[in-house]
Amino acid sequence: MNKNIFFSRMKSLISPGTSAQTTTRQKSMAKLFFYSSLIVISILSVTFSAVFIFNRYANFDENVKTLEENYFREQLQLVNSRVNEVIDYIQYNKSRTEEILKDMIKERTYEAHAIAANIYNTYKNSKSAAEIKRLILNTLRPVRFNKGKGYYFIDDINGTIVLIHRTYEPIWKEGDNILGVTDIDGKYIIKEFVEIARTRKEGFSSYHWGKLGEERQPIRKKISYVKLFEPFGWIIGTGEYVDDIEKDIQATVLNRIQAMRFGKDRDNYIFVLKLAGPTTKTSKDSKWQAIILVNPNRPDLVGQAATDEFKDDKGNYFLKNLVNTTREKGEAVTDYWFRKMGSPQIALKTTYSRFNKDWNWVIGAGFYRDDLEKLITLNRETLGKNVRQEIIFIIGIFVFIFFLAMLISMYFSRQIKNEFNIFSNFFNESAKKNELLDKSKLEILEFRELADAANHMISDKKTGEEALLKAKEAAEAATRAKSEFLANVSHEIRTPLNAIIGMSDILGQTQLNDEQYEYLEIINTSGSTLLVIINDILDFSKIEAGKLDLEHVNFSVAAAVEAVADMEAPKAQKKGLEIVPAVDPAIPQEVLGDSGRLHQVLLNLADNAVKFTDKGEILISAQVVEKGEKEIKLLFTVKDTGIGISEEGQRDLFKSFSQLDASTTRKYGGTGLGLAISKKLTELLKGEIGVESQEGAGTSFWFTAVFELPIPGIPKTAISSLDFNGLCVLIVDDNRTNRLILRKYLESWGCTCHEAVNADEALTRLHEAAAGKKPFPIALLDYLMPETSGDQLARAIKEDEKIKDTRLVLLTSSIMYKSQEELDEMGFVSLLNKPVKQTVLFNCIARIMGFVKPEQQVDKRLVKTFANLKMLDRGPLDILLVEDNYFNQKVALFNLQKFNHRVDLAENGKAAVDKFKNSRYDIILMDVQMPIMDGYEATEIIRRLEKENNKQSGRDSHTPIIAMTANAMKEDVEKAYRLGMNAYLAKPFNSEKFLTVINEIADASRK
């Protein structure tokens, strides 16, 4: 169709005209309505078909589901009834067992009573009561039965032992009163004997008791019969364990269970597990081990031990849920995957199980789910056949309507596409060149209007692109200006701050009175606070600008956590707080990542914890969340017992410049950037950060981080276990968290730990171990404990002959340094300062127990403030100091001249170059920003001159240059090293840091 004809028709439809034109317009409208109606009918037909098919499928699935539920319920009731039949059969045999056992022990008790009565009646007129008692006891004492394990016991009416088996002599002896003895359920055994004797003179009593010679075996049920011997007020009795006579009956029961079959194909069976361990209600959470007694499907498993690690045929730990639920609730329904009887096929199985407490058996039976499918297949096929016939008919109608609608749509789309191709070609050509459309090429009014709209769009696009480009250039300029401004501000603040901190540090080394020292502390604290604020702002700015990069080095997570604890320990100790590092022993010795940024987050959280906690403790922990072949994900937690945070406060906690309220800011200080920076750093470490807190109940900050493993697939643990396996250690500390951490460390090395919360309990533990001939080789004693301190407890231990051989280690959170002589005098072999590090604790125990040679001990009181004082042994150095700031010159000169170093001063880079040409120096201290010539340019010239001199002289001379600058950006550090500087000192710095860097550079240059 010609485009002019098409648009002429379209124009006639929307504009008035002659009657002939009106007739044509009506015909066109009729066609339009006809085709539109046809499309609507097609859509409705398809929708109806889809709804009908959906309903049929929904009803089919619902009917099949109901059928499956009915069969499932029937099968479950079947196995339920079979298991209950077995339980009833066991109860019947159990009742017979106890009747036989009761007759036997009653007869034996009567025999003993008759012997005692016969002796008494024979000698009551010729011998004293004491002699008669002796005769009776001598007669009954050696009597043994039940393979030598059975014996008679005699108590008097007050609960005092008259005759006891010799095995119990280490616990009780004849003459002891045992009226308060209870079994594992808390039942007073002897009290019940006395009550029976007083009220009925004889009777049965049941309780749980350990077997003689089987002290390590589980506690078992025992039945005793006691009878009052009235002449002396004695209670004579004996008892037997129920399980001794039950064994034969249990074997009969198991044989019957083994042969039981039920179900349609007679392939369902009963299985039996016997649990090892106590059977009382108080032991439901204790560890258990099961022995498989019956399993016709898997005879290879019968007799094997099964624990909560036992897996089904798909590797799932199903037995843990089955046993624990059955023991706790008495019965359970469990699903797991198991091999079918007589077939290698693995299928899903549903099992019903019940717990028999008396014999400690778990009895169960089950059915396979795929067997249900066979039962419902026929009904499913019948239902499916009817549905399929209906769906085929509906799909036929749908296909017909679909193709009809598609043909109509193709017709209309072809007509529209042909007419619009002309306009599209014009538009595409203009769009490629980003030029306006030439309307003169278009003859139809409607397309000219479209061309006008397209031209407006092109014009708006050009304007927007130009504005966006200008905005981008402005943003980049603003970013550069911001970075330059931050760098300049940092430099201008750090330069005078270096003089303040340096001179106050120097002043602190002079003789000051208390008031002057207090003023100096205020200056130091204020300077340090200002430095923290500057660093926070710079870090936040670098993060916002996306210029903060992470390092990629090997480091120890344990060392990072313990370093933070060490840094916060002095502040915590001043407030009387316990600070406890806890590192999961499963964490590898080294990981690959940015230790500095991890340290920064941990230190910020720990510092906040100390700041907002007035009493209690602070726990800094690290543990493994997920470990793969190449990466490991760790969870770090800083938990305190401080003031807590409200729910409203938690919502804004990680926002920039946010603190809880104005009063908090005045009391505790801070920029409000610490947590915001921590959140950004955590995200860079591929983790997340969060908080859990309640007002007045403490706060727990946590964050995760992902690190690489240096040796893929072979992570090393932090510490090897050496020969610690089986070493018994007593931990004495009133702080539960400290005990928990020490126990965790020690048990990871194979030690056996026992705990005591005070001195009295510790002495009891030590005496019990000594009495059992298993004394503790080593004990860890906390120094500060209520009532009795650690040193007082040590003296008590060393004065006691029975326990004095235990080696004692003193734990203290106070800053106390003791020589070995002082420790020996107090009774200790070593001292560990809190927070206790893993490696320090490990090496201490290894040294004490003789696993390694003793290391040379250093009395920390003799260590001076500056480790760099060994510079005195090296001799004076020739140093060129390049610094334009007068006050910073004074700080550097004072620190250098007190070690007799010869210092030459240059006030700018040009003067430094001139002095280098004429003199030789051991070290050059180079400021970076200076007038006339800065430190960077001066360093380049010195290195060039040095290279020329070496070439002429044939020597390899190199003068170390240390950059001193208030520019703290990463690019400043990189630039310093790139231009040939050997070290970098960021202002402000204290004397110790200043001298340490000089010392290290001097040592390196002389090697």
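**Briefing: burial, sheets and cavities in a predicted model**

L893 counts as buried because its relative accessibility is 17%, where buried means under 20% relative accessible area, exposed over 50% and partly exposed in between (1.4 Å probe, protein chains only). The model is predicted, so local features need pLDDT of at least 70 and side-chain atom pairs count only at pLDDT 80 or more, while totals for chains, interfaces and linings use all residues. Residues are numbered from 1 along each chain as its sequence is written, and side-chain values use heavy atoms, with hydrogens and water left out.

**Overall make-up**

- The protein has 25 helices and 28 strands; these are DSSP runs numbered from the N terminus, with helices being H or I of at least four residues and strands E of at least two.
- Of its 1007 residues, 42% count as buried.
- Among contacts (heavy atoms within 4.5 Å) with a separation of 6 or more, 64% are between residues 24 or more positions apart.

- L893 sits in helix α21 (residues 886-897).
- Leaving aside residues up to four places away in sequence, L893 touches L881 and V903.
- D904 is eleven residues from L893 along the chain, and their C-alpha atoms are separated by 9.5 Å.
- M981 belongs to the loop between α24 (970-978) and β28 (983-986), and it counts as buried because its relative accessibility is 4%.
- With residues up to four places away in sequence not counted, M981 touches M926, G935, Y936, T939, I961, A963 and A976.

**Strands and sheets**

- An open sheet of six strands runs in the order β8-β7-β6-β11-β10-β9 with antiparallel pairing; two strands pair if DSSP finds at least two bridges between them.
- Its edge strands, β8 (305-306) and β9 (331-339), each pair on one side only.
- Within this sheet, β6 (residues 270-276) and β11 (residues 361-368) are antiparallel and share five bridges, and I270 has A365 in β11 as its bridge partner.
- Helix α5 (residues 242-259) lies across β6, β7 (289-294) and β11, at about 65° to β7; axes are lines fitted to C-alpha atoms, for helices over the stretch in contact, and angles run from 0 to 180 degrees between N-to-C directions.
- Helix α6 (residues 318-329) lies across β6, β8, β9, β10 (346-356) and β11, at about 160° to β9.
- Elsewhere, β19 (residues 728-732) is mostly covered, with four of its five residues buried.
- Strand β19 runs parallel to β20 (residues 752-756), joined by five bridges; C728 has T752 in β20 as its bridge partner.

**Cavities**

- A cavity is a set of points, on a 1 Å grid over the protein atoms alone, where a 1.4 Å probe fits but cannot get out; lining residues have an atom within 4 Å of a point.
- The largest cavity is lined by 17 residues, with Y151, F153, I178, I190 and W209 nearest its centre.
- Elements giving two or more residues to this lining are β1 (153-156), β2 (161-163), α4 (189-199) and β3 (202-209), and α4 gives the largest share, three residues.

Key
On a 1 Å grid over the protein atoms alone, a cavity is a set of points where a 1.4 Å probe fits but cannot get out, and a pocket is an open set with protein on both sides within 12 Å along at least five of seven lines; lining residues have an atom within 4 Å of a point.
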